[in-house]
Amino acid sequence: MQLLALEAERLRNLAPLRLEPHPRFNVFEGDNGQGKTNVLEAIYLLATLRSFREARARNLVCWGESDAWVRGEIERRGIRRKMGVELAKTGKRAAIDGRVVDRLSEYFGHLHVVVFGPEDLVLTKGAPVNRRRFLDRAIFNLHPSYLDEMRAFVTALKHRNELLRASAGRGVDRALLASFDEELIRRGGRVLWRRTRFVSDFLPVVRAVFDDVTAGAHAIGVDYESLAGLAADADEDACTELYRQRLSEATPSDLRQRRTTQGPHTDDLAFSLDGFPARVHASQGQHRAMALALKIAELQLADSVLGGPPLLLLDDVSSELDRGRNAQLMAHLSRAAGQIFVTTTDRRWIAVDGETQVFRVEAGRVLPEP
Amino acid sequence: MSSSRLPQALEKLVSLLARLPGIGERSATRLAFYMLSQPESYARELSGALVELVERVHFCVDCHMVAEGERCTICEDPSRERTTLCVVEGIADLLAFERSGAYHGLYHVLHGVLAPLKGVGPDELRLANLRGRIEALGTSEVIVATSSDVEGEATALYLLRHLAPTGVRVSRIATGVPMGGELEYVDATTLSRALRGRTPLE
(Lines give C-alpha, C1' and ligand atoms only; values in the text may rest on other atoms or scores of the structure.)
Protein backbone atom coordinates (compact mmCIF):
# COMPACT_ATOMS: atom_id res chain seq x y z
CA MET A 1 0.00 0.00 0.00
CA GLN A 2 1.44 3.29 -1.04
CA LEU A 3 0.46 6.93 -1.18
CA LEU A 4 1.64 8.22 -4.56
CA ALA A 5 0.39 11.80 -4.40
CA LEU A 6 -1.23 14.06 -1.82
CA GLU A 7 -3.04 17.37 -2.27
CA ALA A 8 -4.87 19.50 0.27
CA GLU A 9 -6.44 22.94 0.44
CA ARG A 10 -7.60 25.07 3.34
CA LEU A 11 -6.58 22.39 5.81
CA ARG A 12 -5.47 24.05 9.03
CA ASN A 13 -2.49 26.36 8.45
CA LEU A 14 -1.26 24.50 5.37
CA ALA A 15 -0.68 26.45 2.20
CA PRO A 16 -2.12 24.60 -0.82
CA LEU A 17 -0.31 21.28 -0.50
CA ARG A 18 1.02 19.19 -3.40
CA LEU A 19 3.49 16.46 -2.72
CA GLU A 20 4.73 13.18 -4.10
CA PRO A 21 5.83 11.05 -1.18
CA HIS A 22 8.78 8.68 -1.23
CA PRO A 23 7.79 4.99 -1.20
CA ARG A 24 9.73 4.42 2.05
CA PHE A 25 10.68 7.20 4.50
CA ASN A 26 9.21 10.70 4.39
CA VAL A 27 10.61 13.07 6.98
CA PHE A 28 8.82 16.35 7.70
CA GLU A 29 11.23 18.65 9.48
CA GLY A 30 10.37 22.01 10.97
CA ASP A 31 9.99 23.98 14.16
CA ASN A 32 6.92 23.59 16.33
CA GLY A 33 3.74 25.23 15.04
CA GLN A 34 4.83 25.23 11.37
CA GLY A 35 2.32 22.58 10.24
CA LYS A 36 4.24 19.28 10.30
CA THR A 37 1.49 17.41 12.10
CA ASN A 38 -1.13 18.87 9.74
CA VAL A 39 0.49 16.95 6.88
CA LEU A 40 -0.08 13.76 8.88
CA GLU A 41 -3.64 14.94 9.61
CA ALA A 42 -4.24 15.26 5.86
CA ILE A 43 -3.12 11.65 5.30
CA TYR A 44 -5.09 10.40 8.29
CA LEU A 45 -8.21 12.23 7.12
CA LEU A 46 -7.85 10.75 3.64
CA ALA A 47 -7.72 7.25 5.10
CA THR A 48 -10.24 7.45 7.96
CA LEU A 49 -12.39 10.55 7.31
CA ARG A 50 -11.48 11.62 10.85
CA SER A 51 -8.87 13.63 12.69
CA PHE A 52 -6.48 11.90 15.08
CA ARG A 53 -6.27 14.86 17.44
CA GLU A 54 -9.59 16.64 17.06
CA ALA A 55 -12.92 15.17 18.15
CA ARG A 56 -14.50 16.53 14.95
CA ALA A 57 -12.86 16.42 11.53
CA ARG A 58 -14.64 19.71 10.82
CA ASN A 59 -12.13 21.39 13.16
CA LEU A 60 -9.43 20.69 10.59
CA VAL A 61 -10.85 23.37 8.29
CA CYS A 62 -8.62 26.43 8.23
CA TRP A 63 -9.94 29.08 10.59
CA GLY A 64 -12.26 31.48 8.79
CA GLU A 65 -12.80 29.19 5.78
CA SER A 66 -16.01 27.31 5.10
CA ASP A 67 -14.60 24.14 3.59
CA ALA A 68 -11.42 22.14 3.03
CA TRP A 69 -10.45 19.16 0.95
CA VAL A 70 -7.79 16.48 0.71
CA ARG A 71 -7.15 14.28 -2.32
CA GLY A 72 -4.71 11.49 -2.85
CA GLU A 73 -3.68 8.84 -5.28
CA ILE A 74 -2.94 5.44 -3.81
CA GLU A 75 -1.73 2.11 -5.03
CA ARG A 76 -2.77 -1.13 -3.41
CA ARG A 77 -2.01 -4.56 -4.86
CA GLY A 78 -1.11 -2.98 -8.16
CA ILE A 79 -4.39 -1.03 -8.43
CA ARG A 80 -4.29 2.76 -8.47
CA ARG A 81 -7.17 4.74 -7.06
CA LYS A 82 -7.96 8.38 -6.47
CA MET A 83 -9.49 9.16 -3.12
CA GLY A 84 -10.90 12.47 -1.94
CA VAL A 85 -12.50 13.98 1.15
CA GLU A 86 -14.30 17.28 1.40
CA LEU A 87 -15.14 18.91 4.71
CA ALA A 88 -17.99 21.33 4.09
CA LYS A 89 -20.46 23.09 6.35
CA THR A 90 -23.10 20.59 5.27
CA GLY A 91 -20.94 17.63 6.28
CA LYS A 92 -18.31 15.28 4.96
CA ARG A 93 -18.25 14.01 1.40
CA ALA A 94 -15.95 11.26 0.27
CA ALA A 95 -15.22 10.09 -3.25
CA ILE A 96 -13.38 7.19 -4.82
CA ASP A 97 -12.18 7.54 -8.40
CA GLY A 98 -14.29 10.65 -8.77
CA ARG A 99 -17.53 9.01 -7.62
CA VAL A 100 -19.04 10.33 -4.37
CA VAL A 101 -19.92 7.42 -2.08
CA ASP A 102 -23.50 7.24 -0.79
CA ARG A 103 -22.51 5.72 2.51
CA LEU A 104 -19.22 6.60 4.16
CA SER A 105 -18.73 2.91 4.99
CA GLU A 106 -18.21 2.23 1.26
CA TYR A 107 -15.16 4.45 1.40
CA PHE A 108 -13.08 2.37 3.77
CA GLY A 109 -10.86 -0.56 2.89
CA HIS A 110 -8.56 1.02 0.32
CA LEU A 111 -6.10 2.99 2.44
CA HIS A 112 -5.04 1.98 5.92
CA VAL A 113 -2.94 4.03 8.33
CA VAL A 114 -1.55 3.58 11.81
CA VAL A 115 -0.63 6.74 13.70
CA PHE A 116 1.61 7.14 16.74
CA GLY A 117 2.11 10.44 18.50
CA PRO A 118 2.73 11.97 21.92
CA GLU A 119 -0.97 11.64 22.85
CA ASP A 120 -0.69 7.86 22.54
CA LEU A 121 1.12 7.61 25.87
CA VAL A 122 -2.34 7.36 27.46
CA LEU A 123 -2.55 3.92 25.86
CA THR A 124 -0.67 2.24 28.67
CA LYS A 125 -0.66 4.98 31.30
CA GLY A 126 -4.21 6.25 31.01
CA ALA A 127 -7.64 4.90 31.83
CA PRO A 128 -8.96 1.65 30.31
CA VAL A 129 -11.23 3.57 27.92
CA ASN A 130 -8.11 4.52 25.91
CA ARG A 131 -7.16 0.89 25.43
CA ARG A 132 -10.72 -0.10 24.47
CA ARG A 133 -10.76 2.70 21.91
CA PHE A 134 -7.44 1.43 20.54
CA LEU A 135 -8.78 -2.13 20.30
CA ASP A 136 -11.97 -0.99 18.61
CA ARG A 137 -10.20 1.10 16.02
CA ALA A 138 -7.68 -1.63 15.27
CA ILE A 139 -10.50 -4.17 14.81
CA PHE A 140 -12.47 -1.74 12.67
CA ASN A 141 -9.46 -1.31 10.37
CA LEU A 142 -9.48 -5.03 9.72
CA HIS A 143 -13.28 -5.52 9.74
CA PRO A 144 -15.20 -2.37 8.74
CA SER A 145 -18.58 -3.85 9.76
CA TYR A 146 -17.34 -3.83 13.38
CA LEU A 147 -18.21 -0.13 13.54
CA ASP A 148 -21.95 -0.80 13.20
CA GLU A 149 -21.73 -3.78 15.54
CA MET A 150 -20.02 -1.68 18.21
CA ARG A 151 -22.51 1.16 17.82
CA ALA A 152 -25.44 -1.23 18.19
CA PHE A 153 -23.91 -2.58 21.41
CA VAL A 154 -23.46 0.94 22.79
CA THR A 155 -27.08 1.79 21.91
CA ALA A 156 -28.36 -1.33 23.70
CA LEU A 157 -26.15 -0.49 26.69
CA LYS A 158 -27.47 3.07 26.93
CA HIS A 159 -31.07 1.87 26.79
CA ARG A 160 -30.46 -0.70 29.52
CA ASN A 161 -28.65 1.81 31.73
CA GLU A 162 -31.54 4.22 31.28
CA LEU A 163 -33.98 1.50 32.38
CA LEU A 164 -31.83 0.82 35.46
CA ARG A 165 -31.49 4.51 36.22
CA ALA A 166 -35.22 5.19 35.85
CA SER A 167 -36.05 2.19 38.05
CA ALA A 168 -35.14 4.20 41.15
CA GLY A 169 -38.09 4.25 43.52
CA ARG A 170 -40.62 2.70 41.16
CA GLY A 171 -39.07 -0.64 40.35
CA VAL A 172 -38.37 -1.97 36.89
CA ASP A 173 -40.62 -3.50 34.23
CA ARG A 174 -39.06 -6.98 34.17
CA ALA A 175 -40.33 -7.86 30.69
CA LEU A 176 -38.96 -4.60 29.31
CA LEU A 177 -35.58 -5.07 31.00
CA ALA A 178 -35.41 -8.66 29.76
CA SER A 179 -35.98 -7.50 26.17
CA PHE A 180 -33.11 -5.04 26.28
CA ASP A 181 -30.98 -7.56 28.20
CA GLU A 182 -31.36 -9.95 25.30
CA GLU A 183 -30.36 -7.30 22.76
CA LEU A 184 -27.40 -6.31 24.94
CA ILE A 185 -26.32 -9.96 25.18
CA ARG A 186 -26.52 -10.55 21.42
CA ARG A 187 -24.79 -7.34 20.42
CA GLY A 188 -22.27 -7.64 23.27
CA GLY A 189 -21.55 -11.27 22.38
CA ARG A 190 -20.57 -10.18 18.89
CA VAL A 191 -18.23 -7.48 20.24
CA LEU A 192 -16.64 -9.87 22.74
CA TRP A 193 -16.06 -12.42 20.01
CA ARG A 194 -14.46 -9.87 17.68
CA ARG A 195 -12.15 -8.67 20.45
CA THR A 196 -11.29 -12.20 21.58
CA ARG A 197 -10.33 -13.17 18.05
CA PHE A 198 -8.33 -10.00 17.55
CA VAL A 199 -6.29 -10.20 20.76
CA SER A 200 -5.40 -13.86 20.23
CA ASP A 201 -3.57 -12.82 17.04
CA PHE A 202 -2.46 -9.45 18.31
CA LEU A 203 -0.98 -9.94 21.79
CA PRO A 204 1.83 -12.34 20.73
CA VAL A 205 2.90 -9.73 18.14
CA VAL A 206 2.90 -6.97 20.80
CA ARG A 207 5.21 -9.04 23.02
CA ALA A 208 7.58 -9.78 20.14
CA VAL A 209 7.77 -6.15 19.01
CA PHE A 210 8.39 -4.93 22.56
CA ASP A 211 11.25 -7.41 22.92
CA ASP A 212 12.69 -6.19 19.65
CA VAL A 213 12.45 -2.47 20.47
CA THR A 214 13.87 -2.91 23.99
CA ALA A 215 16.41 -5.57 22.95
CA GLY A 216 14.82 -7.94 25.50
CA ALA A 217 15.95 -5.88 28.51
CA HIS A 218 12.52 -6.26 30.15
CA ALA A 219 9.81 -8.88 30.02
CA ILE A 220 6.46 -7.44 29.02
CA GLY A 221 3.19 -9.15 29.83
CA VAL A 222 -0.05 -8.13 28.21
CA ASP A 223 -3.42 -9.78 28.72
CA TYR A 224 -6.98 -9.18 27.61
CA GLU A 225 -9.16 -8.65 30.69
CA SER A 226 -12.80 -9.28 30.00
CA LEU A 227 -15.65 -11.34 31.41
CA ALA A 228 -14.53 -13.91 33.99
CA GLY A 229 -14.08 -17.26 32.29
CA LEU A 230 -13.86 -16.00 28.71
CA ALA A 231 -11.76 -18.56 26.81
CA ALA A 232 -9.15 -17.31 24.34
CA ASP A 233 -10.67 -19.50 21.62
CA ALA A 234 -14.36 -18.84 22.38
CA ASP A 235 -16.59 -18.64 19.29
CA GLU A 236 -19.45 -16.17 18.97
CA ASP A 237 -22.03 -18.45 20.55
CA ALA A 238 -19.74 -19.17 23.51
CA CYS A 239 -19.13 -15.42 24.01
CA THR A 240 -22.88 -14.75 23.87
CA GLU A 241 -23.74 -17.53 26.33
CA LEU A 242 -21.03 -16.46 28.76
CA TYR A 243 -22.28 -12.87 28.61
CA ARG A 244 -25.83 -14.11 29.21
CA GLN A 245 -24.64 -15.89 32.35
CA ARG A 246 -22.53 -12.98 33.67
CA LEU A 247 -25.26 -10.43 33.03
CA SER A 248 -27.88 -12.53 34.77
CA GLU A 249 -25.60 -13.03 37.81
CA ALA A 250 -24.93 -9.31 37.97
CA THR A 251 -28.52 -8.14 37.52
CA PRO A 252 -29.42 -7.80 41.25
CA SER A 253 -26.29 -5.71 41.77
CA ASP A 254 -26.92 -3.76 38.54
CA LEU A 255 -30.38 -2.87 39.84
CA ARG A 256 -28.87 -1.58 43.09
CA GLN A 257 -26.09 0.38 41.37
CA ARG A 258 -28.43 1.40 38.51
CA ARG A 259 -25.85 0.69 35.83
CA THR A 260 -24.62 -2.26 33.79
CA THR A 261 -21.52 -3.62 35.52
CA GLN A 262 -20.67 -6.52 33.17
CA GLY A 263 -19.79 -6.40 29.52
CA PRO A 264 -17.37 -5.33 26.79
CA HIS A 265 -17.58 -1.73 28.02
CA THR A 266 -15.47 -2.74 31.04
CA ASP A 267 -12.81 -4.66 29.06
CA ASP A 268 -9.14 -3.73 29.40
CA LEU A 269 -5.68 -4.72 28.29
CA ALA A 270 -3.49 -5.27 31.34
CA PHE A 271 0.23 -4.64 30.95
CA SER A 272 2.93 -5.88 33.26
CA LEU A 273 6.64 -5.27 33.27
CA ASP A 274 8.91 -7.92 34.75
CA GLY A 275 5.84 -9.31 36.51
CA PHE A 276 4.62 -6.04 38.06
CA PRO A 277 1.59 -4.03 36.94
CA ALA A 278 2.97 -1.57 34.40
CA ARG A 279 0.57 1.23 35.21
CA VAL A 280 2.32 1.91 38.49
CA HIS A 281 5.74 0.30 37.99
CA ALA A 282 6.83 1.36 34.50
CA SER A 283 8.93 4.47 33.89
CA GLN A 284 7.88 7.15 31.42
CA GLY A 285 10.28 5.75 28.81
CA GLN A 286 8.96 2.23 29.33
CA HIS A 287 5.39 3.46 28.84
CA ARG A 288 6.48 5.06 25.58
CA ALA A 289 8.07 1.83 24.41
CA MET A 290 4.96 -0.18 25.31
CA ALA A 291 2.59 2.21 23.54
CA LEU A 292 4.83 2.14 20.48
CA ALA A 293 4.94 -1.67 20.58
CA LEU A 294 1.12 -1.68 20.50
CA LYS A 295 1.09 0.52 17.41
CA ILE A 296 3.78 -1.35 15.54
CA ALA A 297 2.09 -4.65 16.37
CA GLU A 298 -1.16 -3.24 14.96
CA LEU A 299 0.75 -2.38 11.81
CA GLN A 300 2.28 -5.84 11.50
CA LEU A 301 -1.00 -7.62 12.09
CA ALA A 302 -2.73 -5.43 9.52
CA ASP A 303 0.13 -6.24 7.14
CA SER A 304 -0.57 -9.96 7.36
CA VAL A 305 -4.39 -9.63 7.32
CA LEU A 306 -4.72 -6.98 4.65
CA GLY A 307 -1.90 -8.26 2.48
CA GLY A 308 0.35 -5.22 2.72
CA PRO A 309 1.50 -2.89 5.50
CA PRO A 310 -0.62 0.20 6.28
CA LEU A 311 1.02 3.61 6.14
CA LEU A 312 2.76 4.45 9.42
CA LEU A 313 2.43 8.02 10.66
CA LEU A 314 4.88 8.87 13.45
CA ASP A 315 4.18 12.25 14.97
CA ASP A 316 7.14 13.75 16.83
CA VAL A 317 8.10 10.32 18.04
CA SER A 318 11.79 10.78 18.60
CA SER A 319 11.43 13.40 21.26
CA GLU A 320 9.35 10.83 23.12
CA LEU A 321 12.02 8.16 23.30
CA ASP A 322 15.50 8.21 24.72
CA ARG A 323 18.46 7.86 22.39
CA GLY A 324 18.93 4.12 22.84
CA ARG A 325 15.30 3.22 22.23
CA ASN A 326 15.15 5.66 19.35
CA ALA A 327 18.04 3.90 17.60
CA GLN A 328 16.32 0.54 18.14
CA LEU A 329 13.06 1.92 16.79
CA MET A 330 14.76 3.19 13.66
CA ALA A 331 16.54 -0.13 13.20
CA HIS A 332 13.20 -1.91 13.58
CA LEU A 333 11.48 0.36 11.04
CA SER A 334 14.34 -0.02 8.56
CA ARG A 335 13.88 -3.79 8.67
CA ALA A 336 10.10 -3.63 8.36
CA ALA A 337 8.40 -2.92 5.04
CA GLY A 338 6.02 -0.11 4.26
CA GLN A 339 5.71 3.61 3.68
CA ILE A 340 6.45 5.79 6.68
CA PHE A 341 5.75 9.45 7.41
CA VAL A 342 7.65 11.01 10.33
CA THR A 343 7.56 14.52 11.76
CA THR A 344 10.49 15.86 13.72
CA THR A 345 12.09 19.10 14.82
CA ASP A 346 15.51 17.73 13.93
CA ARG A 347 16.18 15.24 11.17
CA ARG A 348 19.20 13.88 13.01
CA TRP A 349 16.72 11.92 15.15
CA ILE A 350 15.66 9.99 12.08
CA ALA A 351 18.58 7.66 11.69
CA VAL A 352 17.61 5.63 8.64
CA ASP A 353 19.85 4.87 5.72
CA GLY A 354 18.97 6.17 2.26
CA GLU A 355 15.49 5.71 0.84
CA THR A 356 14.45 8.95 2.50
CA GLN A 357 12.85 12.14 1.25
CA VAL A 358 13.08 15.13 3.58
CA PHE A 359 10.44 17.86 3.39
CA ARG A 360 11.05 21.18 5.06
CA VAL A 361 7.91 22.61 6.74
CA GLU A 362 7.79 26.37 7.35
CA ALA A 363 4.71 28.50 8.02
CA GLY A 364 2.39 25.98 6.37
CA ARG A 365 4.56 25.45 3.28
CA VAL A 366 5.92 21.97 2.60
CA LEU A 367 8.94 21.89 0.31
CA PRO A 368 10.92 18.83 -0.73
CA GLU A 369 14.66 19.07 -0.27
CA PRO A 370 16.76 18.00 -3.22
CA MET B 1 -33.32 34.64 17.37
CA SER B 2 -34.62 38.16 17.56
CA SER B 3 -38.14 36.79 17.53
CA SER B 4 -39.17 39.16 20.34
CA ARG B 5 -39.26 41.91 17.72
CA LEU B 6 -41.88 40.02 15.77
CA PRO B 7 -45.64 40.42 16.26
CA GLN B 8 -46.96 37.93 18.79
CA ALA B 9 -49.11 36.09 16.22
CA LEU B 10 -46.09 35.45 14.05
CA GLU B 11 -43.99 34.33 16.97
CA LYS B 12 -46.71 31.90 18.01
CA LEU B 13 -46.90 30.37 14.51
CA VAL B 14 -43.11 30.02 14.39
CA SER B 15 -43.01 28.21 17.70
CA LEU B 16 -45.80 25.83 16.56
CA LEU B 17 -44.11 25.12 13.22
CA ALA B 18 -40.78 24.54 14.94
CA ARG B 19 -42.34 21.56 16.74
CA LEU B 20 -42.73 19.69 13.45
CA PRO B 21 -40.19 16.91 12.86
CA GLY B 22 -37.17 18.10 10.91
CA ILE B 23 -38.13 21.75 11.22
CA GLY B 24 -35.92 24.08 13.26
CA GLU B 25 -36.49 27.63 14.39
CA ARG B 26 -34.92 29.02 11.22
CA SER B 27 -37.01 26.94 8.79
CA ALA B 28 -40.12 27.66 10.85
CA THR B 29 -39.52 31.39 10.50
CA ARG B 30 -39.03 31.00 6.76
CA LEU B 31 -42.28 29.04 6.43
CA ALA B 32 -44.17 31.61 8.46
CA PHE B 33 -42.92 34.47 6.28
CA TYR B 34 -43.83 32.49 3.19
CA MET B 35 -47.40 32.11 4.43
CA LEU B 36 -47.54 35.81 5.14
CA SER B 37 -46.43 36.54 1.57
CA GLN B 38 -49.20 34.41 0.07
CA PRO B 39 -52.78 35.57 -0.60
CA GLU B 40 -54.92 35.37 2.52
CA SER B 41 -56.92 32.52 0.96
CA TYR B 42 -53.91 30.22 1.31
CA ALA B 43 -53.74 30.62 5.08
CA ARG B 44 -57.51 30.06 5.38
CA GLU B 45 -57.30 26.94 3.22
CA LEU B 46 -54.35 25.61 5.20
CA SER B 47 -55.92 26.21 8.59
CA GLY B 48 -59.18 24.72 7.32
CA ALA B 49 -57.33 21.63 6.12
CA LEU B 50 -55.68 21.26 9.52
CA VAL B 51 -58.99 21.53 11.34
CA GLU B 52 -60.58 19.10 8.93
CA LEU B 53 -57.69 16.71 9.47
CA VAL B 54 -58.15 16.53 13.21
CA GLU B 55 -61.94 16.53 13.00
CA ARG B 56 -62.33 13.90 10.32
CA VAL B 57 -59.23 11.74 10.45
CA HIS B 58 -58.69 9.57 13.50
CA PHE B 59 -56.79 6.47 14.32
CA CYS B 60 -58.57 3.17 13.91
CA VAL B 61 -59.72 1.95 17.33
CA ASP B 62 -58.51 -1.55 16.47
CA CYS B 63 -55.24 -1.33 14.56
CA HIS B 64 -54.38 2.42 14.96
CA MET B 65 -54.06 3.01 11.21
CA VAL B 66 -55.49 6.34 10.07
CA ALA B 67 -59.24 6.16 9.51
CA GLU B 68 -62.09 8.46 8.61
CA GLY B 69 -64.56 6.56 10.72
CA GLU B 70 -64.09 4.55 13.89
CA ARG B 71 -62.31 1.80 11.96
CA CYS B 72 -59.91 1.90 9.03
CA THR B 73 -60.63 0.52 5.58
CA ILE B 74 -58.38 -2.48 6.18
CA CYS B 75 -60.11 -3.57 9.37
CA GLU B 76 -63.49 -3.00 7.65
CA ASP B 77 -62.50 -4.99 4.54
CA PRO B 78 -64.29 -8.39 4.75
CA SER B 79 -61.85 -9.95 2.25
CA ARG B 80 -58.85 -9.66 4.58
CA GLU B 81 -57.66 -12.77 6.39
CA ARG B 82 -58.55 -12.17 10.00
CA THR B 83 -56.31 -14.83 11.54
CA THR B 84 -52.94 -13.17 10.95
CA LEU B 85 -51.84 -9.90 12.48
CA CYS B 86 -48.76 -8.01 11.34
CA VAL B 87 -47.26 -5.66 13.94
CA VAL B 88 -45.48 -2.62 12.45
CA GLU B 89 -43.75 0.44 13.90
CA GLY B 90 -45.51 3.07 11.84
CA ILE B 91 -48.05 3.75 9.14
CA ALA B 92 -45.30 4.09 6.53
CA ASP B 93 -44.33 0.45 7.19
CA LEU B 94 -47.96 -0.65 6.82
CA LEU B 95 -48.19 1.15 3.49
CA ALA B 96 -44.98 -0.55 2.34
CA PHE B 97 -46.57 -3.96 3.02
CA GLU B 98 -49.71 -2.88 1.19
CA ARG B 99 -47.69 -1.78 -1.84
CA SER B 100 -46.02 -5.19 -1.91
CA GLY B 101 -49.42 -6.84 -2.27
CA ALA B 102 -47.93 -9.87 -0.51
CA TYR B 103 -49.88 -9.63 2.71
CA HIS B 104 -53.62 -10.09 3.11
CA GLY B 105 -54.05 -10.16 6.87
CA LEU B 106 -54.69 -7.43 9.41
CA TYR B 107 -52.22 -5.01 10.99
CA HIS B 108 -51.42 -3.48 14.34
CA VAL B 109 -49.56 -0.15 14.26
CA LEU B 110 -47.48 0.56 17.37
CA HIS B 111 -46.69 4.18 16.51
CA GLY B 112 -43.12 3.77 17.73
CA VAL B 113 -40.66 1.30 19.19
CA LEU B 114 -39.39 0.81 22.72
CA ALA B 115 -36.59 3.29 23.40
CA PRO B 116 -35.94 3.99 27.09
CA LEU B 117 -33.41 6.69 26.16
CA LYS B 118 -36.18 8.64 24.45
CA GLY B 119 -38.63 7.90 27.23
CA VAL B 120 -40.63 5.44 25.13
CA GLY B 121 -41.83 2.49 27.21
CA PRO B 122 -44.69 0.02 26.63
CA ASP B 123 -47.24 2.60 27.81
CA GLU B 124 -46.21 4.98 25.03
CA LEU B 125 -46.92 2.36 22.34
CA ARG B 126 -50.42 1.42 21.12
CA LEU B 127 -50.26 -1.91 22.87
CA ALA B 128 -53.14 -1.72 25.32
CA ASN B 129 -55.68 -3.44 23.03
CA LEU B 130 -53.35 -5.90 21.29
CA ARG B 131 -53.94 -8.93 23.51
CA GLY B 132 -57.69 -8.24 23.52
CA ARG B 133 -57.70 -8.05 19.72
CA ILE B 134 -55.85 -11.34 19.40
CA GLU B 135 -58.38 -13.07 21.63
CA ALA B 136 -61.38 -11.44 19.95
CA LEU B 137 -60.13 -12.24 16.45
CA GLY B 138 -58.90 -15.72 17.30
CA THR B 139 -55.58 -14.78 15.70
CA SER B 140 -53.42 -17.80 14.87
CA GLU B 141 -50.18 -15.94 14.06
CA VAL B 142 -48.67 -12.58 14.94
CA ILE B 143 -45.91 -11.44 12.56
CA VAL B 144 -43.56 -8.93 14.17
CA ALA B 145 -42.25 -6.61 11.44
CA THR B 146 -40.29 -4.07 13.44
CA SER B 147 -36.89 -3.01 12.06
CA SER B 148 -33.72 -4.93 12.81
CA ASP B 149 -31.96 -2.22 14.84
CA VAL B 150 -31.56 -2.45 18.62
CA GLU B 151 -34.92 -0.80 19.37
CA GLY B 152 -36.83 -2.81 16.78
CA GLU B 153 -35.33 -6.08 17.99
CA ALA B 154 -35.94 -5.28 21.66
CA THR B 155 -39.55 -4.40 20.81
CA ALA B 156 -39.95 -7.74 19.04
CA LEU B 157 -38.56 -9.56 22.09
CA TYR B 158 -40.88 -7.59 24.35
CA LEU B 159 -43.89 -8.50 22.18
CA LEU B 160 -42.92 -12.17 22.40
CA ARG B 161 -43.10 -11.96 26.21
CA HIS B 162 -46.14 -9.71 26.20
CA LEU B 163 -48.09 -12.09 23.98
CA ALA B 164 -47.02 -15.32 25.70
CA PRO B 165 -50.22 -15.49 27.85
CA THR B 166 -52.39 -15.55 24.72
CA GLY B 167 -50.63 -18.66 23.41
CA VAL B 168 -50.57 -17.17 19.90
CA ARG B 169 -47.76 -18.12 17.53
CA VAL B 170 -45.35 -15.20 17.18
CA SER B 171 -43.01 -14.97 14.18
CA ARG B 172 -40.41 -12.46 13.06
CA ILE B 173 -39.89 -11.27 9.49
CA ALA B 174 -36.64 -12.52 7.96
CA THR B 175 -33.64 -10.26 7.53
CA GLY B 176 -30.98 -10.72 4.92
CA VAL B 177 -30.02 -10.20 1.34
CA PRO B 178 -32.31 -7.92 -0.69
CA MET B 179 -33.89 -9.38 -3.84
CA GLY B 180 -32.00 -8.50 -6.98
CA GLY B 181 -29.11 -7.38 -4.81
CA GLU B 182 -25.65 -8.46 -5.72
CA LEU B 183 -24.13 -10.46 -2.90
CA GLU B 184 -20.73 -8.77 -3.05
CA TYR B 185 -22.28 -5.42 -2.10
CA VAL B 186 -24.15 -6.71 0.95
CA ASP B 187 -22.57 -5.59 4.23
CA ALA B 188 -21.03 -8.22 6.50
CA THR B 189 -23.57 -7.89 9.32
CA THR B 190 -26.49 -8.49 6.96
CA LEU B 191 -24.67 -11.32 5.25
CA SER B 192 -23.94 -13.13 8.52
CA ARG B 193 -27.61 -12.71 9.54
CA ALA B 194 -28.69 -14.10 6.18
CA LEU B 195 -26.36 -17.06 6.64
CA ARG B 196 -27.78 -17.83 10.08
CA GLY B 197 -31.33 -17.57 8.77
CA ARG B 198 -30.76 -19.86 5.80
CA THR B 199 -33.57 -22.16 4.69
CA PRO B 200 -33.46 -25.60 3.03
CA LEU B 201 -33.71 -25.59 -0.76
CA GLU B 202 -36.90 -27.25 -1.89
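This is a predicted model: local features need pLDDT of at least 70, side-chain atom pairs count only at pLDDT 80 or more; totals for chains, interfaces and linings use all residues.
The biggest contribution, 6 residues, is that of α8(B). Sorted by class, the lining holds 19 charged, 9 polar and 4 nonpolar residues.

Chain B has a mean pLDDT of 91, with 98% of its residues at 70 or more. Among the elements of this chain, α8(B) has the lowest mean pLDDT, 80, while strand β4 (residues 106-109) has the highest, 98.

Turning to the rings, 11 aromatic pairs occur over all chains. Phe108(A) and Phe140(A) form an edge-to-face pair, because their planes stand at 80 degrees, with the ring centres 5.3 Å apart. The two residues are 32 residues apart, Phe108(A) lying in the loop between β7 (99-100) and β8 (113-116) of chain A and Phe140(A) in helix α3 (residues 128-142) of chain A; both are buried. In chain B, Phe97(B) and Tyr107(B) make a tilted pair, at 6.5 Å centre to centre and 50 degrees between the planes. This pair connects helix α5 (residues 91-100) of chain B to strand β4 of chain B. Phe97(B) is partly exposed at 24% relative accessibility, whereas Tyr107(B) is buried at 1%.

Ring pairs also join Phe28(A), Phe341(A) and Phe359(A) into a cluster. Finally, the charged end of Arg71(A) sits over the ring of Trp69(A), 3.7 Å from its centre.

Methods: Residues are numbered from 1 along each chain as its sequence is written. Chains are lettered from A and ligands numbered from 1 in the order in which they are written. Side-chain values use heavy atoms; hydrogens and water are left out. Helices (H or I, at least four residues) and strands (E, at least two) are DSSP runs, numbered from the N terminus. Ala, Val, Leu, Ile, Met, Phe, Trp, Tyr, Cys and Pro count as nonpolar, Asp, Glu, Lys and Arg as charged, and the others, Gly among them, as polar. pLDDT is the predictor's confidence in each residue, from 0 to 100. Rings of Phe, Tyr and Trp (its six-membered ring) pair if their centres lie within 6.5 Å; planes under 30 degrees apart count as stacked, over 60 as edge-to-face and the rest as tilted. Buried means under 20% relative accessible area, exposed over 50%, partly exposed in between (1.4 Å probe, protein chains only). A charge sits over a ring if NZ of Lys or CZ of Arg is within 6 Å of the ring centre and within 35 degrees of the ring normal.
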